[in-house]
Amino acid sequence: MDFQLPPLPYQEDALESHISARTLSFHYGKHHQAYMTNLKNLIQETPLAAKSLEEIILESANNAEKVGIFNNAAQVWNHTFYWNSLSPKGGGEPKGPLAAKIAEDFGSFEKFAEAFKQAGVGQFGSGWAWLVLDKDGKLKVTKTPNADLPLAHGQCALLTCDVWEHAYYLDYQNRRPDYLDIFLKNLANWDFANKNFEGV
Ligand code: MN3
């Protein structure tokens, strides 16, 4: 584990017409960085510091004594995954192998999109909406509260949208449904999701 955040995969103003540079600057530079700094402070002098981020997450999940470690490690992972789930050229329907799998498991792309939006809107308080490949080999839409993530449930994450208020409040205020619409229409990085799907 090196305690450096990966760089954003684009400039802070790259998503400007949908997510402002101001939001990305605070979200990456302050929120994401704070999770990494907290994690470093919690584990740097312990055996966990020699492990990978995924190992740290799995070893601290469902462990009441390590809830602070889990929350910060999972939020480091979630945000890196979220930056990659966004693209300046994203949104719309996927191509590639995931397109067929979505049609097979959800019935249509529109049904997937509706389920994803509902997961994000319906997550009470802070959390995440996900497209995952579940243990039974089927795609599912899920929502998780706070820092929780598919890895802790034996699922493979393919795509995520952060629905913590800090992700959208400067640009959309209380309009979380509008932010989720924009994510699906203009930002969802299907190349990244396809890569995750093919990597399973
Ligand atoms: Mn966030």
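## Domains

Into which domains is the chain divided? Domain 1 covers 21-85 and domain 2 covers 96-198, with bounds that come from an automatic or database domain assignment. The C-alpha centres of domain 1 and domain 2 sit 20 Å apart. Where they meet, domain 1 brings 21 residues to the contact and domain 2 brings 26; contact here means heavy atoms within 4.5 Å.

A quick word on the ground rules. This is a predicted model, so local features need pLDDT of at least 70 and side-chain atom pairs count only at pLDDT 80 or more, while totals for chains, interfaces and linings use all residues. Residues are numbered from 1 along each chain as its sequence is written, and side-chain values use heavy atoms, with hydrogens and water left out.

## Fold and overall form

The chain has 8 helices and 3 strands. Read from the N terminus, the order is α-α-α-α-α-β-β-β-α-α-α. Helices (H or I, at least four residues) and strands (E, at least two) are DSSP runs, numbered from the N terminus.

How does the radius of gyration sit with a compact globule? For 200 residues, such a globule would come out near 16 Å, and the chain has 16 Å, which agrees. That radius is taken over C-alpha atoms, and the globule rule is 2.2 Å times the number of residues to the power 0.38. Along its principal axes, the C-alpha trace spans about 50 × 40 × 30 Å. Of the contacts with a separation of 6 or more, 69% are between residues 24 or more positions apart.

## Surface and charge

Of the 200 residues, 49% are buried. Buried means under 20% relative accessible area, exposed means over 50%, and partly exposed is in between (1.4 Å probe, protein chains only). The accessible surface comes to about 9700 Å², and carbon and sulfur atoms own 51% of that. These areas come from the Shrake-Rupley method with a 1.4 Å probe; for residues, only the protein chains shown count as cover.

On the charge side, there are 18 positive and 24 negative side chains, and the centres of the two sets lie 2 Å apart. Lys and Arg count as positive and Asp and Glu as negative, with His and the chain ends not counted. Each charge is placed at NZ of Lys, CZ of Arg, CG of Asp or CD of Glu.

## Two positive phi angles

Most residues other than glycine have a negative phi. Asn62 has a positive one, about 60°, although it is not a glycine. Asn62 sits in the loop between helix H2 (53-60) and helix H3 (67-85), and is exposed at 79% relative accessible area.

Gln173 also has a positive phi, near 50°. Its place is the loop between helix H6 (169-172) and helix H7 (176-187). Gln173 counts as partly exposed, at 34% relative accessibility.

Pro6 belongs to the segment before helix H1 (21-43) and is partly exposed at 37% relative accessibility. Which residues does Pro6 contact, leaving aside its neighbours within four places in sequence? They are Tyr28 and Thr80. Val76 is 70 residues from Pro6 along the chain, and their C-alpha atoms are separated by 10.0 Å.

Lys143 is in strand E2 (residues 139-145) and is partly exposed too, at 44%. Neighbours within four places aside, Lys143 is in contact with Ala119, Gly122, Gln123, Trp128, Ala129 and Trp130. Phe109 is 34 residues from Lys143 along the chain, with 18 Å between their C-alpha atoms.
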